[in-house]
Amino acid sequence: MNTAADHASPLAPEWLAVPGDLNALQEPMWAAGVERNDAGEVTIDGISVSELKKQFGTPLFVMSESDFRSRARAFKDAFDAAFADICGGVDVYYAGKSFLCTAVASWVAEEGLRLDTCSGGELAVAARAGIEGPHLGLHGNNKSDSEINRALDMKLGRIVVDSLDELERVAKTASSRGEVAKVMLRLTPGVHAHTHEFIATAHEDQKFGLSMAEDSTEEAGLSAAEEAVAAATSYQSVELLGLHCHIGSQIFEPDGFAVAAEKLLGFLAAMQAKYSIVLPELDLGGGYGIAYTPVDTPRPPAEIAQAMAAVVRSTCAELDITPPRISIEPGRAIVGSTTFTLYEVGTLKTVRVDAPEGDEGQKNVTYPRRYVSVDGGMSDNARPVLYDADYSAILASRGSSAAPQLSRVVGKHCESGDIVVRDVYLPADVAAGDLLAVPGTGAYCWALSSNYNYLARPGVVAVRDGAARLIVRGETEEDLLNRDMGVANV
């Protein structure tokens, strides 16, 4: 009898070298309520993937509403408990950039969270969902005048200012309206986050935030961060609430969060003493990692909360300051694992490739690589091509006892880099018409989707208590053509 080890390939990454049970739904990549039925087909809250395909088509984002709500509550409850004795609890802002629609915005509000937005469009979604302005924040390194005015129209609880120029623009806009803008300053504490370069956001050489380095402005002895504090306190049209930082995304190790908290609390204490002000709030951002593959080990919200609370508690005691009200901004950690993408398999082919470089004992040896093409790709998941992101996949429409075969799941776009899952073991009998499910696609997949090659963007289905409903309608070719104004009266 063949074992999984018999089918291991030298082309697979080390963590994938020996495949496990190909029919298993490995935790914690999947939402609660996802399982296989007696026939081996994947179901979510009892609804089979074949029924979802029949009703909504593929590709399709399939989200568990109950799982989303549960994860949102877990963050709110865990952080409130951990910080109860420090600052009376925590304001949890869901990072809407990860995935936002009116249904999700309403769930966020109903579970007691606030909402972080990054554009006028996201503010429009929040308004349609009925979220009140004081429970909203606005981010962005290049806010337009209309976005600043909309934030003031909606009486937002915070505008997170990203630069000295923007601080001046917000102050002037608020002054011209005879209003006061509630502002937080986003700082770059110079903390190195162990993540991909494009999603590490607290080092100096990038577009976000005000540098805490003393040589970051022409003003002798002042950092850009301190210059912003001094300026903000001088504007009658600005209420400076406090400080904000975000060190990156998809981070598993807690060290970076601890160092950032210590640095910002130290800076906050120094600014309060120097300028005789009180900065009542400190936002420590988000970026908590989730499981995209079996080797990813995300930390539960309670563990994250307790570790961060310990640092804030001890640092405030050491600095002899009243702890500020803490806020955080989880996005991916709430929505990422709630969702899987359902695809239909089309073309399959196997090619021969050379042995990996450095394998001196295997010169002139080739190995098979199977390409499994699906009916979506980089238009519904740009993360692999943007960040070299790893994903996993399973055969979802049936169980299989076939031997595992190392496969590469690819999309249908006219790009060789259109890879959905770079390396995954799938049953050798996968064939056209089968359905594959890729877990962990709730965050930054639909949000980054495009119409490349004029593919219509997929719909998003929310499943709860055995019922499925569209919360974002999939596009049609008519939708795409309606925006094309090149030919009149066609």
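Biologist: Where is Ser392 found?
Modeller: This is a predicted model, and in it Ser392 is in the loop between helix H11 (383–387) and strand E16 (394–395).

Biologist: Is Ser392 buried or exposed?
Modeller: Buried, because its relative accessibility is 10% and the cut-off for buried is under 20%.

Biologist: What is Ser392 in contact with, leaving aside neighbours within four places in sequence?
Modeller: Met29, Tyr292, Val421, Val424, Ala437, Val438 and Pro439.

Biologist: Next, Leu435. Which strand is Leu435 found in?
Modeller: Strand E19, residues 435–439. Leu435 counts as buried because its relative accessibility is 3%.

Biologist: And what does Leu435 touch, not counting residues up to four places away?
Modeller: Val49, Ser50, Lys53 and Thr58 are among them, and so are Leu342, Tyr343 and Glu344. The list also includes Ile394, Leu395, Ala396 and Ser397.

Biologist: How many residues apart along the chain are Leu435 and Thr58?
Modeller: 377, with their C-alpha atoms separated by 9.1 Å. Thr58 also has a cis peptide bond to Pro59, with omega about -5 degrees. Pro59 is in the loop between helix H1 (49–56) and strand E4 (60–64).

Biologist: Where is the cis bond to Pro28?
Modeller: That one runs from Glu27 to Pro28, with omega near -5 degrees. Pro28 lies in the segment before strand E1 (34–36). For background, most peptide bonds are trans.

Biologist: Changing topic: how many residues of strand E17 are buried?
Modeller: 6 of its 7 residues, so strand E17 (residues 404–410) is mostly covered by the cut-off of under 20% relative accessible area.

Biologist: Which way do E15 and E17 run, parallel or antiparallel?
Modeller: Parallel; 4 bridges join strand E15 (residues 366–374) to E17. Val372 stands opposite Val409 in E17.

Biologist: And E17 with E18, parallel or antiparallel?
Modeller: Antiparallel, over 6 bridges, with E18 covering residues 419–427. There Val410 stands opposite Ile419 in E18.

Biologist: What about helix H8, what span should it have?
Modeller: H8 has 21 residues (255–275), so at 1.5 Å a residue it should span 30 Å. The end C-alpha atoms are 30 Å apart, which agrees.

Biologist: Which residues of H8 are buried?
Modeller: Gly256, Phe257, Ala260, Ala261, Leu264, Leu265, Phe267, Leu268, Ala269, Met271 and Gln272.

Biologist: What happens just after H8?
Modeller: Ser276 takes a positive phi of about 50 degrees.

Biologist: What is phi of Lys155?
Modeller: Near 55 degrees, a positive value in a residue other than glycine. Lys155 is in the loop between helix H5 (145–153) and strand E8 (158–161), and it is exposed, with a relative accessible area of 58%.

Biologist: And Asn453, where is that found?
Modeller: In the loop between E19 and E20.

Biologist: Last one: which residues form the nonpolar patch on the surface?
Modeller: Val385, Leu386 and Leu448, with about 220 Å² of accessible area together. Leu448 is in the loop between E19 and strand E20 (459–464), and at 33% relative accessibility it counts as partly exposed.

Note on methods:
Residues numbered from 1 in each chain as written. Predicted model: local features only at pLDDT ≥ 70, side-chain atom pairs only at ≥ 80, totals over all residues. Heavy atoms only, no water. Helix = DSSP H or I, 4+ residues; strand = E, 2+ residues; numbered from the N terminus. Expected span 1.5 Å × (residues − 1). Buried < 20%, exposed > 50% of the residue type's maximum accessible area, 1.4 Å probe, protein only. Contact = heavy atoms within 4.5 Å. Pairing = 2+ DSSP bridges. Patch = residues over 30% accessible without salt bridge, like charges linked within 9 Å, V, L, I, M, F, W, Y side chains within 5 Å. Areas by Shrake-Rupley, 256 points an atom, 1.4 Å probe, with all protein chains shown as cover. Salt bridge = Lys/Arg side-chain N within 4 Å of Asp/Glu carboxyl O.
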